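I opened the notebook to look up a few side chains and what they meet. The entries follow the order in which I checked them.

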Amino acid sequence: MSETSTSRTASTSGATATSGATPTSGTTTGATIELENLTKRYPGHPSPAVDNVSMEIKAGEIVIFVGPSGCGKSTTLKMINRLIEPTGGRIRINGEDVTDMDPVKLRRKVGYAIQASGLFPHMTVAQNIALVPRMIGWPKARIRNRVEEMLDLVGLDPGEFHGRYPRQLSGGQQQRVGVARALAADPPVLLMDEPFGAVDPITRDHLQDELIRLQHELHKTIVFVTHDFDEAIKLGDRIAVLREHSHIAQFDTPEAILTNPADDFVSGFVGAGAALKRLNLTRVRDVEITDYPTVTVDDPLQEIFNKLRSSNTNEILLLDKRGRPYKWLRRGDLMRAKGSLARAGTLVSDTVTRDATLRDALEAVLMDSSGRVAVTGRRGEYTGVVDVETLMNSVHELLEADRLEAMAHRHDLEELRAAQTHAEQEGVGGIVEGGVGGVKKA
């Protein structure tokens, strides 16, 4: 496994996480999920929708189901919490067979988030989030505290959003509330069925980054369905590429699928531009984020002038009252605008979070002629800047690492063929098993 792959897995492996993030106090972390010969047949259909699916999902990892429309990925997901009842097979969560459990009781233990959020329109944001905790009998004070905690967790101000109705929210805000509701009762497992499919691409990128950040804090077991392979690469610790009837074509890390697809079917999902897709496996937090001279809208004009003159760069970053990137100010901007901050500088057109991928950052940098992009925290506050030189150096390092890995893989294949040839010449009539050098007699 590559260094990048190790880092990704470690960051979402429950109690053994090494990312530096720790779960919220008292928070339940992820559970293992085992699917054994899981099957779904519908009356009147000659072939099963899902046919004998077996897999083990580790506690605290994000597993993505990706495959063509109609392959059974959503059906497989919904059988885990028995929104769709299996025709055959077993489901175990943390070793407990839940196949015969009361399905309503099971669903209260498994978070579920869907496309377009699925919020109840007649309920406020707080009432939507409180739904499951109230159903399982939590005290009112605990529910009230949990609602505030969940809103803060997904980056929404409790005071501002508590009493709003879903129709008063943007699509991205609705999806955040949907995730908060799914997590409210602190389930170990979160099922997500194309949850970001109905929002615009920019909002979708931000929601993906938010999910990555949440996983660093919570270490839940997340099973996520998407038809978008780029989304699968960005989010997944492992990806299950599914054929028809949910037959597993390949179940592996994003790195392994990108560099060594199992067959032509998987290669078709990877598509062109594997090197660019590789950039989705590294985060902004993994590269050097530099500090940048900043001022705020509340600073006196003379102080801003002085900072511009003394800065080693030809510009500084103006922050708004909440510490968020607002404008880039260059030397001479204030003079041309006659000392008015309202008319001076260039509005910040894009930012990225520390959990954004290098591909996100590179796209933002290339869209800006100055070759840099501001990096922000969970509430949009400024944390630093990443520039095109840093990103390009990282790209070259990634491509070189991939080249060396490909060379090593070819070398292993050559050794494997040599071992097979040697075995045939010796008349062993055996097969090479378990990688290079393992010859077993027939």
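Which backbone nitrogen lies 2.8 Å from a polar atom of the side chain of D320? I found that of R322.

I noted that this is a predicted model, where local features need pLDDT of at least 70, side-chain atom pairs count only at pLDDT 80 or more, and totals for chains, interfaces and linings use all residues. Residues are numbered from 1 along each chain as its sequence is written, and side-chain values use heavy atoms, with hydrogens and water left out.

I placed D320 in the loop between β12 (315-319) and β13 (325-330). Helices (H or I, at least four residues) and strands (E, at least two) are DSSP runs, numbered from the N terminus. The D320 side chain also makes a polar contact with the side chain of R324, at 2.8 Å. A polar contact is a pair of N or O atoms within 3.5 Å; within protein, one must be able to donate a hydrogen and the other to accept it, and residues adjacent in sequence count only if both atoms are side-chain atoms.

Is D320 buried or exposed? I list D320 as buried because its relative accessibility is 17%; buried means under 20% relative accessible area, exposed over 50%, partly exposed in between (1.4 Å probe, protein chains only).

Next I looked up salt bridges (a side-chain nitrogen of Lys or Arg within 4 Å of a carboxyl oxygen of Asp or Glu). The whole structure has 25. In one of them, R372 meets E315, with the closest N and O atoms 2.8 Å apart. R372 is in strand β16 (residues 372-376) and E315 in strand β12, so the pair ties together parts 57 residues apart in sequence. Both R372 and E315 are buried.
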